[in-house]
Every structure is written in C-alpha cells, then in structure tokens.
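My entries follow in the order in which I made them.

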Amino acid sequence: MFVYARTEHTRRTVESLLRNTGAADSELIIYADGARSSKDEAAVEEVWRYVNSVAGFKSVLLRRREKNLGLAESIISGVTEVLSEFERIIVLEDDMEVSKHFLNYMNEGLDRFSNDERVASIHAYCFPVTMPLPELYFLRGADCWGWATWRRGWQLFNGDGAYLLSELQRRNLLSDFDYGGTFPYSQILRDQIAGENDSWAIRWYASIFLENKLSLNPGSSLLRNIGTDASGTHCDVTALYDVRVSERAVVFDDIEVQDSAPARLAIERFFRASTPGIGGKVKRWVKTSVQKIADAK
C-alpha cells in the first residue's frame, strides 16, 4: 500500500481492507513517501503516525521514504522491491476503499492464473457501465485501481514511454489502445513523454497491451476510488468513475481467457458518453479529471 499525506483516506482504505476475511493472513507492506515541500510535512507526519498504529494483519512492515519520490517512482521502485522478495503482490494506494471480498478475489485470481502466461494482472475496479457485464472477464492490457501481479508479470513493465508510443504507432494499435478512439490513453502517454505528467500507470497499461497480455476483471466493482475529491495531486473533483462497491462475492466459473468483446464494447460506450473533448487537442478536463484513471495520488 502506497500512502502520502491524506490520513482520512488512508484510514478508510485500511479499515475497508481489515473487513476482509483474509486480512489476518495477509502481510501488509506500507510505503510512505516523503514530503514534497514544507507545506506537506505536517500532513505526511500525521499519516506516518497513523500507519504506525495499524494492526490486524499477519504483519505490518513500514517503509518510509526520507525524500519525496513522487507517485510514479514510489510505486515502480516499491513494486520492484517487493517482487524481488516475493512471487506476487497486491497493490493499493491510499484512496481505494475495497469490498470485503477484495482479498478473496485477488488471491483466487492470483492462484488460478499463476502459471498462465497469457494473464499478466488481476484488477478489482469496474467502470460504471450501463451494459451488463460477465461475472468475470479479461481485457488486453493492465490497470491501476486495485491490482495484482506476479514477478513474471511485472518483468514486462517498460518505463520508456517514447518506446511504448513508437511501438503502438508502428503496429497500428493506437485506436485499439484508445478503446476505438473513445478515450485518450495515447494522449496521456504523449503527455508523460513530454513531462506533463509522471504516470506510471499509462506505461504499465501500454507495456502489457504491447505484450498482448490480459488482465482479469470483475463484472461488479470491488473497489471505489475515494480520491476523486481534489485532495490528490492529479485530479479535480469528479463523480464520473464513482461506483457502488459490490457486496457479493465473485464466483469463479470457467472463464474464456481472451479479450472480452462485450466488456470492451460496454467500456467504449461508457467512455463515449462520459468523456468530452475527444479528438484534436485533449482539453484540460481530460488532463485533470480523466487522467485520474491513469494516475492517482
């Protein structure tokens, strides 16, 4: 779990995780980033005091950064560090309130597909689409709101945004990458290359997409992002991606391991209905509220 300067968000995330039946069997590693500036120091110290009080897990290991790394470097280095010690990881940030079934779903997915090279990650969030979705489905690529992977999956991560974009262009994959042109993921990647954002998540998505690997997703969201309230670095207030967290356990039946056309269509329709300014220069609204999909802090 990656935390920074929002004690109440962090508390809500931890408390939701503790409601999971698997919490007492889980080893929690908390990475706390250092203050970006003097004005953040008090808030960062408050979060540090809170995470030092966290209990109820099999173990709690605290790793405090002496300086501010920022979200991208913090997550990339932290995930890399953990996966040098362990074979698999479940990743949360400090603004992700989860279902009581979150850990069971994540661990079941990690167990079931541990040896399936077609699958690179497990994802817990589901967009508030209007079309019905399967209980479980796969999508090409990876996402960042409550996710898990194995050491073999993270080894596919490529932090070179320019290379990723050039490969998407060379292979004529930009339209598919942007869900049929309904969401400007490729623009977020261009902005990352230009230094206008520092999104690790867009590079994670692009890395797995280019490798033609899949992520497992639930038909009902097992996570609600509580950070789209202007409290973080990368977004303004938006309710576009707000969902009701599922109270029902996910049923793991046989799942066809391939990119789900019905799920992709449902997401494209959601994007088309909810994302303004697509086409031409992406508007400020996209660079703030919408970028929350790719980067959250």
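**Arg203 and its partner.** I looked up Arg203 and found it buried, with a relative accessible area of 8%. The cut-offs I used are under 20% relative accessible area for buried, over 50% for exposed and partly exposed in between, with a 1.4 Å probe and protein chains only. Arg203 meets Asp198 in a salt bridge, at 3.8 Å from N to O. A salt bridge here is a side-chain nitrogen of Lys or Arg within 4 Å of a carboxyl oxygen of Asp or Glu. Asp198 is partly exposed, at 40% relative accessibility.

**Note on the source.** This is a predicted model, in which local features need pLDDT of at least 70 and side-chain atom pairs count only at pLDDT 80 or more, while totals for chains, interfaces and linings use all residues. Residues are numbered from 1 along each chain as its sequence is written, and side-chain values use heavy atoms, with hydrogens and water left out.

**Other salt bridges.** I searched the whole structure and got 20 salt bridges. Glu45 pairs with Arg64, their closest N and O atoms being 2.2 Å apart. Glu45 sits in helix α2 (residues 41-51) and Arg64 in strand β3 (residues 59-64), so this pair ties together parts that are 19 residues apart in sequence. I took helices (H or I, at least four residues) and strands (E, at least two) as DSSP runs, numbered from the N terminus. Glu45 is partly exposed, with a relative accessible area of 32%, and Arg64 is partly exposed with a value of 32%.

I then checked Arg264, which forms a salt bridge with Asp259 at 3.0 Å between the closest N and O atoms. Arg264 counts as buried at 12% relative accessibility, whereas Asp259 is partly exposed at 30%. I also noted that salt bridges with shared partners join Arg12, Glu97, Arg224 and Asp242 into one network.

**Ring pairs.** I counted aromatic pairs next and found 26 in the structure. Rings of Phe, Tyr and Trp (its six-membered ring) pair if their centres lie within 6.5 Å; planes under 30 degrees apart count as stacked, over 60 as edge-to-face and the rest as tilted. Tyr179 and Tyr185 form a tilted pair, 6.1 Å centre to centre with 50° between the planes. Tyr179 is buried with a relative accessible area of 6%, and Tyr185 counts as buried at 6%.

Tyr179 also pairs with Phe271; the ring centres are 5.7 Å apart and the planes are at 90°, so the pair is edge-to-face. Tyr179 lies in the loop between α7 (174-177) and α8 (185-193) and Phe271 in helix α10 (residues 261-274), so the pair ties together parts that are 92 residues apart in sequence. Phe271 is buried, as is Tyr179. Ring pairs link both of them into a cluster, whose members include Tyr125, Trp145, Phe183 and Tyr241.

**Nonpolar core.** I looked at the largest nonpolar core, which holds 88 residues; Val79, Tyr105, Phe127, Tyr185, Trp200 and Leu216 touch the most other members. Helix α9 (residues 201-210) gives the most to this core, with eight residues. Such a core is a set of buried Ala, Val, Leu, Ile, Met, Phe, Trp, Tyr and Cys residues joined through side-chain atoms within 4.5 Å. Leaving out residues up to four places away in sequence, Leu216 touches Tyr105, Phe113, Leu136 and Phe252, among others. Contact means heavy atoms within 4.5 Å.

Ser207 is in helix α9 and counts as buried at 3% relative accessibility. Beyond four places in sequence, Ser207 touches Leu156, Phe157, Asn158 and Leu164. Ser207 and Leu164 are 43 residues apart in sequence and 6.9 Å apart in space, C-alpha to C-alpha.

Ser99 is in the loop between β5 (96-98) and α4 (102-112), and is buried with a relative accessible area of 2%. The side chain of Ser99 reaches the backbone nitrogen of His101 at 2.9 Å and the backbone oxygen of Ser246 at 3.1 Å.

**Totals.** I recorded 11 helices and 10 strands for the protein. Of its 297 residues, 57% are buried.

Notes: A polar contact is a pair of N or O atoms within 3.5 Å; within protein, one must be able to donate a hydrogen and the other to accept it, and residues adjacent in sequence count only if both atoms are side-chain atoms.
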